[in-house]
Amino acid sequence: VYTLALAYYYSDNPAYASHAGKLLQVWFIDTATRMNPNLNFAQAIKGQNTGRGAGMIDSRHFVKLIDAIGLIEGSKSWTSNNQQAMQQWFRDYLHWMETSKNGKDEMNAKNNHGAWYEAQRMAIASFLNEPALLKKYIASAKERLDKQMDDRGRFPLEMVRTISLHYTTFVMDAFFVMA
């Protein structure tokens, strides 16, 4: 969807926006085929759990999805009904993020998982045109940065991991997205 939206934006070819809209329709709007607005079963481990908060890291790409919707919003194939349906899906997903056990686990994560959780909340609040929520999440992101980064500009919880360079740049990417 993101690539198609970029192609539409730069080429003004409506076929790209149309196909992006169809994918969004199938995955998020059509009740017969859509993904439910939760990640209850994300990163399930057979025999151990049916899903866990850590699975929310995989939905960090929703930030790009929201950007993509903004790029096709002016096209003829993206209607106000589509926009409202997507906003409702993300409103429901945000509610799940903030009230479910899995969502709360990620909210409380002190490493890159928590940062990506915050990036998603900020993108969703902006998409929903909820300035009060966005302001609240910005304040939370500032606190998170203060807690996750030490006085030397390092991220200690990422530095102790086996591929520390990857995880350090990964958490920095989340903070760049938030900025």
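The model is a predicted one, in which local features need pLDDT of at least 70 and side-chain atom pairs count only at pLDDT 80 or more, while totals for chains, interfaces and linings use all residues. Residues are numbered from 1 along each chain as its sequence is written, and side-chain values use heavy atoms, with hydrogens and water left out.

**Exercise 1.** Describe the largest pocket by its volume and its lining.

*Solution.* Next, assign the lining to helices (DSSP runs of H or I, at least four residues, numbered from the N terminus): α6 (112–127), α7 (131–148) and α8 (156–159) each supply at least two residues, and α7 gives the largest share, five residues. Finally, the lining divides into four nonpolar, three polar and six charged residues, where Ala, Val, Leu, Ile, Met, Phe, Trp, Tyr, Cys and Pro count as nonpolar, Asp, Glu, Lys and Arg as charged, and the others, Gly among them, as polar.

**Exercise 2.** Determine how the buried residues of α2 are arranged about its axis.

*Solution.* First, list the buried residues (under 20% relative accessible area, 1.4 Å probe, protein chains only): in α2 they are Ala17, Ala20, Gly21, Leu24, Phe28 and Ile29. Seen down the axis of α2, these residues fall within an arc of 105° (taken from the directions from the helix axis to the C-beta atoms), so they line one face of the helix. The face turned away from this buried side carries Lys22 and Trp27, which are exposed (over 50%). The buried residues of α2 pack against α1 (2–11), α3 and α4 (80–99).

**Exercise 3.** Locate Asn112 and list its contacts beyond four places in sequence.

*Solution.* Asn112 is found in helix α6, where it is buried, with a relative accessible area of 1%. Leaving aside neighbours within four places in sequence, Asn112 is in contact (heavy atoms within 4.5 Å) with Ile57, Gln148, Glu158, Arg161, Tyr167, Phe170 and Val171.

Technical notes
On a 1 Å grid over the protein atoms alone, a cavity is a set of points where a 1.4 Å probe fits but cannot get out, and a pocket is an open set with protein on both sides within 12 Å along at least five of seven lines; lining residues have an atom within 4 Å of a point. Grid points are joined across faces, edges and corners, and a volume is the space filled by probe spheres set on the points.
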